[in-house]
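Please look at the model below with its sequence beside it, and then read the briefing that follows.

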Protein chains: 2
Amino acid sequence: MVQKTEPKKRGRPRAYDPEAALAKATETFWESGYAAASLDALSAATGMNRPSLYGAFGDKQALFQAAMQRYQAQARATMRTALGAPGTLRESLTRFYAAGLEVYLDGGPRGCFLIGSGLSQAAVDPAIRDTVAAGVHELDAGLTRRLTMARDAGELPASADPATLARVVSGMLNALAVRARLGESRAELEAMAATTIDLVCGA
Amino acid sequence: MVQKTEPKKRGRPRAYDPEAALAKATETFWESGYAAASLDALSAATGMNRPSLYGAFGDKQALFQAAMQRYQAQARATMRTALGAPGTLRESLTRFYAAGLEVYLDGGPRGCFLIGSGLSQAAVDPAIRDTVAAGVHELDAGLTRRLTMARDAGELPASADPATLARVVSGMLNALAVRARLGESRAELEAMAATTIDLVCGA
DNA sequence: TGTTTTTTGTATCGTTTCGCACAAAATTGT
DNA sequence: ACAATTTTGTGCGAAACGATACAAAAAACA
């Protein structure tokens with residue numbers, strides 16, 4: 001059990017829950033994209049007025065970075081569950097894509113938060129680009145470990161290159177993220193995932 | 001030879017070339033994304049002042065739509081060349097990805113124009129979403145035709161589903177578009193493409 | 001009770017945004 | 001030379017933008 005350190009702070013108590021506020025801000029960025037999300041909209045969504053937003057998270061880019069970090073932490077946990085659970089490689093990848101589509105289609109056709117709301121900004125804002133890239137590459141790394149295991153277990157040919165294969169599997173998730181935001185149906189996206197799994201694991 | 005219809009219009013002649021101006025506007029949208037590209041920046045890039053921009057293309061969204069249409073026309077021509085030239089399926093797909101990476105990496109890590117600058121806006125602007133989706137799906141359709149040919153020629157198993165396989169091949173191009181904008185190297189992206197081709201055509 | 005500390009909420013700053021009005025400029029037709 | 005037509009360029013205006021100053025409010029401490 002983690003101790004809930006509550007040192008009884010001195011001043012006026014906060015009227016908001018930082019985690020809940022960050023979740024609401026994420027929703028706003030996710031829907032509009034980084035550039036089109038105004039501080040007015042973020043303020044309305046979080047229920048915090050502008051100065052409180054600045055006090056809690058800093059300026060607009062810092063708030064977006066915090067939202068991306070929070071999203072990536074959730075993605076990391078989801079990936080560990082999908083790839084870490086026992087079972088064949090095929091079962092792991094099936095859980096992997098199913099978990100991704102759950103996020104991408106939950107509450108409307110939004111796709112991946114990092115890609116959908118940060119990619120446009122990536123070409124002009126290196127800090128945002130690096131955070132988005134780090135999120136993508138963490139999935140690459142996790143898949144590489146899982147595919148290396150599969151190769152060592154004989155589920156993949158010994159000649160297979162786990163790193164590049166991982167980037168192909170991860171890349172297909174990127175494609176699902178793009179297409180989910182473009183309104184493709186769950187069935188269409190699931191078919192893409194299933195075919196990819198067949199190609200990687202053997203039909 | 002197409003006749004150059006020049007009916008000698010009445011008023012003051014245009015100081016700009018519409019095609020060149022649209023190309024410059026495309027560059028600006030491509031770099032900044034739709035939302036972050038200001039009319040000031042577009043005006044500076046095209047060399048046209050604001051009223052001329054409005055007179056020629058309409059408002060910001062109409063200009064972006066025109067830019068997307070122009071990009072898609074080029075993409076269509078490039079795809080026809082890549083997939084239509086004689087050769088094996090493997091050769092076609094190799095040309096296909098090479099042509100894509102040429103566009104995505106030319107002049108900096110920009111990725112696909114439609115995805116990189118329009119995807120963020122897709123969730124809130126259905127017109128833009130539809131145009132981006134149409135561009136993606138046109139590639140899907142072209143690849144479906146090519147893969148159907150390949151299956152009929154015996155290059156793919158008779159049980160293969162050309163439509164879904166096409167969406168996997170096309171999806172990998174989407175992944176390359178995302179990752180090119182995130183700064184991945186040409187070599188990394190080429191390896192992803194090569195591995196995908198191996199998976200589809202057989203190693 | 002009063003001081004200290006922290007957050008809230010109002011109000012606003014200066015800038016940038018998009019879109020358009022209007023007159024000057026440049027061409028063709030008469 | 002003069003009228004008609006089209007585009008240009010200056011410049012403006014209302015709204016939205018990101019960011020902050022400042023006082024009132026709400027808590028703990030003395």
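The surface near DNA strand D receives its greatest contribution, 4 residues, from α3(B), where helices (H or I, at least four residues) and strands (E, at least two) are DSSP runs, numbered from the N terminus. This is a predicted model, in which local features need pLDDT of at least 70 and side-chain atom pairs count only at pLDDT 80 or more, while totals for chains, interfaces and linings use all residues. Residues are numbered from 1 along each chain as its sequence is written, and chains are lettered from A and ligands numbered from 1 in the order in which they are written.

**DNA strand D**
- DNA strand D is surrounded by 25 residues, and the closest are A:Arg12, A:Ser38, B:Gly11, B:Arg12 and B:Ser52; a residue is near a strand if its C-beta atom, placed from the backbone, lies within 6 Å of it.
- Two or more residues of this surface come from each of α2 (39–46) and α3 of chain A, together with α3 of chain B.

**DNA strand C**
- Around DNA strand C there are 25 residues, of which the closest are A:Gly11, A:Arg12, A:Ser52, B:Ser38 and B:Leu39.
- Here α3(A) provides the largest share of the surface, 4 residues.
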